[in-house]
Amino acid sequence: MSLVARNALIALFITIALAGTVAYAINYLNSARVAELSTIEEQLSIDSLSLETQFSLLESAPCDSNASSVTLTTELADFGNRLLYAENQLGSGNSQVVRLKERYSLLEIRDYLITKRLSEACGTKPITVLYFYSNEGDCNDCDKAGYALSYLRDTYPALRVYSFDYNLDLGALKTFIAVTKVKDTFPAFIINDKHFYGFTSLADLEKQFPKGALSTTTPKL
Amino acid sequence: MSLEMLAYPFLFIALFFESFVLVTLLSKPARSARGRSHSTKIPSIAVIVPCWNEVLTVADTASSLLMLDYPADKLEIILVDDGSTDATREEMSRFAEHPQVRIIHKENGGKHTALNAGIAVTDAELVGCLDADSFAEPDALREIVSCFDNPRVAAATAAMSVHKPKNILQHMQNAEYAFGITLRHAFASVGGIYVTPGPFSFYRRDVLNELGGFRYGHQTEDMEMALRIRRAGYGIENAPRARVYTNTPATITSLIKQRTRWISGFLRNVLGEYRCLIGSRRHEALGALVLPIALLSIASGILLFMLMLFLFARNAIAAIEVRSGIPLSYSLLPHGAIDWFYLPANFYLLIAVVVLLASLALITIGKRISKATGNIALGLVSYTLLYGLIVPFWLIRATSDVALGKRRGWRN
């Protein structure tokens, strides 16, 4: 074999090895991301269950307890952001992503229900937004709506935003959709039980909030 | 299929090419070339300096040649004034009385005619060329002469660096030239050289005469001559420690003009008269690897740039759309935690990083092999930041010139 052919062959092996190493590193990183998400999800499950248990234990005076779902909601938001990033990296069809999205949706529904029970028991009026989007190409404005909600959530910390993939094949979510009577017109919002469909601008979205709801002071929960 | 996947074959080829160069550098022929000692032979040599309006640099160039470590009775300097319209003639006359210097004045006819005029008046065994904006180190000629110990070697090239780089663009070119030193050194060991650059390349005079002297060569007479030498079955060697420094364009416009000339000359020569070399089994490394990859790199440079531009525009438009109506105080700032989780690593990006790192390694190797003076650190930084953004402009310009049959002047 000539020197050129030999060197070319070695170079080919090196190239394949390098490309393989890069592919392995990417795969490893994505696996680590999924593992991280699973860990967060497990912790959130415990936190959520703990909150529910605290609420049950102190049923007679729930408002006197330290039980607060504010922290949980913040952690949920962080989990949602990470999940969105992982979905972009791995694809929305990835089985692990789908499984984590299902768990995330369940946690959101649980947190929403806890918040509702606490507000009824304590007489507070938290502002909650249920946001339904679709990833199936039938929602041109979902990215804009998602970003606008992120802005509102970051600007008004008291705002509780729960986002759901409308098409996720999850029994609890389907029931939640049926109970809330939200239609499959996207993006769909339920702001404090008031339905609102479509997204044109941040200003229009803000008009759907109760007067004084969008203030930077955190209301007592 | 994502658009990024279009880039994969090109990145894979770039990685393969860099791996090939690294492996070749470690092969025995390249190691032997690096360990080559000075030849005991002292052939007669003529160095031709073709000049056209080089009043600012010709004296320094001639002086650097007179300081070469080589027996004076064996070294002749031929200054050829190719019809200059500035004071080059007067500047040259300062050397008129020097016994080693011969001065020729002729009507302007292009660089190849100036070289041929010099060849015509000498009977030296080796004939070299030094552009009038370049300067050789004293021991450079000794290094070059060693390459001609092999009788099949018809030409030898030096190790070019940028002469006192002043701005970021020249530092970038200095890094690029160091890359070139590595490539030429590796290619020489497997018979892959296809250009004998103007600064300090040498030829056997009898081979030049046999092949008919220099031609216009689509404004790249050095490349055309090298290709002709290779087609005739002769070898081209490289002396990686024959250091020569050359002035380079200081502005983007002049750099793009120079490179447009080089690339269009390459395309016209290789796709024209020397197409037979592509894929030629007789010219193994040159035909099977170097020329095809050089052609492919031009195509990939353009395609990757277009792809990058398209993806950037698409993402920018999407980002602007999503952020419309949101206060700038929020939308212009990054959000989210600084966390390894959000590391934007994908296959495309990581392979591109590996290709870049390999390029930087080859640049550093070139600097070490040649032992050229100066610091390469700024060159590495500017090469990383600028090179990929500027190169596509001359690639596109040169390719469109060739496709449309457009001819430009030497300095247009």
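## Report on a predicted model with chains A and B

Among contacts in chain B between residues at least 6 apart in sequence, 83% link residues at least 24 apart; two residues are in contact if their C-beta atoms, placed from the backbone, lie within 7 Å. The model is predicted: local features need pLDDT of at least 70, side-chain atom pairs count only at pLDDT 80 or more, and totals for chains, interfaces and linings use all residues. Residues are numbered from 1 along each chain as its sequence is written, and chains are lettered from A and ligands numbered from 1 in the order in which they are written.

**Confidence.** The scores of the model are ipTM 0.89 and pTM 0.85. Chain B has a mean pLDDT of 93, with 99% of its residues at 70 or more; pLDDT is the predictor's confidence in each residue, from 0 to 100. Where pLDDT is low, the predicted coordinates should not be read in detail.

**Chain B as a whole.** Chain B contains 14 helices and eight strands. Its radius of gyration is 23 Å, close to the 22 Å that the globule rule gives for 412 residues, so chain B is as compact as a globular protein of that length. The radius is taken over C-alpha atoms, and the rule is 2.2 Å times the number of residues to the power 0.38. Helices (H or I, at least four residues) and strands (E, at least two) are DSSP runs, numbered from the N terminus. Along its principal axes, the C-alpha trace of chain B spans about 80 × 45 × 40 Å. Of the 412 residues of chain B, 45% count as buried. A residue is buried if 20 or more other C-beta atoms lie within 10 Å of its own, exposed if 12 or fewer, and partly exposed in between, with C-beta atoms placed from the backbone.

**The sheet of chain B.** Eight strands make up an open sheet with mixed pairing, in the order β3-β2-β1-β4-β7-β6-β8-β5 (chain B). Its edge strands, β3 (101–106) and β5 (134–136) of chain B, each pair on one side only. Two strands pair if DSSP finds at least two bridges between them. Within the sheet, C129(B) has S201(B) in β7(B) as its bridge partner. Helix α7 (residues 168–190) of chain B lies across β6 (153–162) and β8 (235–246) of chain B, at about 155° to β6(B). Helix α13 (residues 347–370) of chain B also packs on the sheet, touching β6 and β8 of chain B, and its direction makes about 85° with that of β8(B). Axes are lines fitted to C-alpha atoms, for helices over the stretch in contact, and angles run from 0 to 180 degrees between N-to-C directions.

**The sheet of chain A.** Chain A has an open sheet of four strands in the order β2-β1-β3-β4, with mixed pairing. The edge strands β2 (160–165) and β4 (194–197) of chain A each pair on one side only. Five of the six residues of β1(A) are buried. In β2(A), S163(A) is the bridge partner of Y131(A), and F189(A) stands opposite F196(A) in β4(A).

| Strand pair | Sense | Bridges |
|---|---|---|
| β1(A) and β2(A) | parallel | six bridges |
| β3(A) and β4(A) | antiparallel | four bridges |
| β4(B) and β7(B) | antiparallel | four bridges |

**Helix α3 of chain A.** α3(A) lies across β1 (128–133) and β2 of chain A, running at about 145° to β2(A). At 1.5 Å a residue, the 28 residues of α3(A) (residues 95–122) should span 40 Å, and the end C-alpha atoms are 40 Å apart, which agrees. The expected span is 1.5 Å times one less than the number of residues in the helix. After α3(A) comes G123(A), whose phi is positive, near 75°.
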